[in-house]
Amino acid sequence: MKQSPVFQMIGYKNSGKTTFLSELVDYGANKGDRVAVIKHHGHKEPLQEMHRETDTYKLKKSGSFLTGVASPNALQIEMNQGMELDRLIELYRFFSPDLILVEGYKQDRYPKGVLIRRKEDLSLMDLANIQFVITWDVEVTSHIELPVYSVDTWTKHLEKIYQTVRGDTVNE
């Protein structure tokens, strides 16, 4: 059984990571793929809690470190501790997705795409396993020897990008 491929999308705040990943998820879902997403929350403010005034919220507040609620059509889980990316991927693979997309976790080793908004963002190019770049300014990225797509036109290359993200052989 083939393991679900993992692909990271990295960039600094407001570079377009969520927009890019939303397009990829939509494209994959329309192809019939089950796409899962892990989003890194690197900010100091806490995540929003499950809805107040529910039994699940009361159970969590009573001290449960892991609380979940399941219905015939959905599962919601909340945990009161962090988890490393490798462990999250292991958990996600339990659900057999066709692809796992990761927003953030810049330092991890998985294949990744980089969003470059301005010249200062070029420091991201020092990270490992970069497969392509999406840029807001083609002049800033003109020296890069990887595939580079403009933020204005990258969707024209969505099929090729999706193949790269899935780890499939890309036909030129």
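Trainee: Threonine 141: buried or exposed?

Mentor: This is a predicted model. In it, threonine 141 is buried, with a relative accessible area of 2%. The cut-off for buried is under 20%.

Trainee: Where does threonine 141 lie?

Mentor: In the loop between strand 7 (130–135) and strand 8 (148–150).

Trainee: And which residues is threonine 141 in contact with?

Mentor: Leaving aside neighbours within four places in sequence, Ile116, Leu122, Val133, Thr135 and Val148. With threonine 135 there is also a polar contact between side chains, at 3.5 Å.

Trainee: Let's zoom out. How many helices and strands are in the protein chain?

Mentor: Four helices and eight strands. From the N terminus the order is β-α-β-α-β-β-α-β-β-β-β-α. The chain has 172 residues, and 35% of them are buried.

Trainee: Now helix 3. Which of its residues are buried?

Mentor: Helix 3 spans residues 85–93, and its buried residues are Leu85, Leu88 and Ile89. Seen down the helix axis, they fall within an arc of 100°, so they line one face.

Trainee: Why would residues with that spacing point the same way?

Mentor: An α-helix has 3.6 residues a turn, so residues three or four places apart point the same way.

Trainee: What do the buried residues of helix 3 pack against?

Mentor: Strand 1 (6–10), strand 2 and strand 5 (99–103). The face turned away from that buried side carries the exposed residues Arg87 and Glu90.

Trainee: And helix 4, which residues are buried there?

Mentor: Helix 4 covers residues 158–166, with Leu158, Ile161, Tyr162, Gln163, Val165 and Arg166 buried. The cover over them includes strand 1, helix 1 (17–30), strand 2, strand 5, strand 7 and strand 8. After helix 4 comes glycine 167, with a positive phi near 85°.

Trainee: Switching to charges. How many salt bridges does the count come to?

Mentor: Six. One of them joins the side chains of lysine 39 and glutamate 103, at 2.8 Å from N to O. That pair links distant parts of the chain: lysine 39 is in strand 2 and glutamate 103 in strand 5, 64 residues apart.

Trainee: Are the two partners buried or exposed?

Mentor: Lysine 39 is exposed, with a relative accessible area of 52%. Glutamate 103 is buried, at 6%. Lysine 39 also touches Thr18.

Trainee: Which residue does aspartate 86 meet in a salt bridge?

Mentor: Arginine 109, at 3.2 Å from N to O. Aspartate 86 lies in helix 3 and arginine 109 in the loop between strand 5 and strand 6 (112–116), so the pair ties together parts 23 residues apart in sequence. Aspartate 86 counts as partly exposed, at 34% relative accessibility.

Trainee: Back to arginine 166. What does it pair with?

Mentor: Aspartate 168, with the closest N and O atoms 3.2 Å apart. Salt bridges that share partners join Asp33, Arg166 and Asp168 into one network. Arginine 166 counts as buried, at 19% relative accessibility, while aspartate 168 is partly exposed, at 32%.

Trainee: Last one, the surface. Which residues form a nonpolar patch there?

Mentor: Phe65, Leu66, Leu75, Ile77, Leu91, Phe94 and Phe95, with about 730 Å² of accessible area together. Isoleucine 77 sits in strand 4 (residues 75–79). The accessible surface of the chain comes to about 11200 Å², and 49% of that belongs to carbon and sulfur atoms.

Conventions: Residues are numbered from 1 along each chain as its sequence is written. This is a predicted model: local features need pLDDT of at least 70, side-chain atom pairs count only at pLDDT 80 or more; totals for chains, interfaces and linings use all residues. Side-chain values use heavy atoms; hydrogens and water are left out. Contact means heavy atoms within 4.5 Å. Patches are made of residues with over 30% relative accessible area and no salt bridge: like charges are joined within 9 Å, nonpolar side chains (Val, Leu, Ile, Met, Phe, Trp, Tyr) within 5 Å. Accessible areas come from the Shrake-Rupley method with a 1.4 Å probe; for residues, only the protein chains shown count as cover. A salt bridge is a side-chain nitrogen of Lys or Arg within 4 Å of a carboxyl oxygen of Asp or Glu. Helices (H or I, at least four residues) and strands (E, at least two) are DSSP runs, numbered from the N terminus. Buried means under 20% relative accessible area, exposed over 50%, partly exposed in between (1.4 Å probe, protein chains only). A polar contact is a pair of N or O atoms within 3.5 Å; within protein, one must be able to donate a hydrogen and the other to accept it, and residues adjacent in sequence count only if both atoms are side-chain atoms. The arc is that of the directions from the helix axis to the C-beta atoms.
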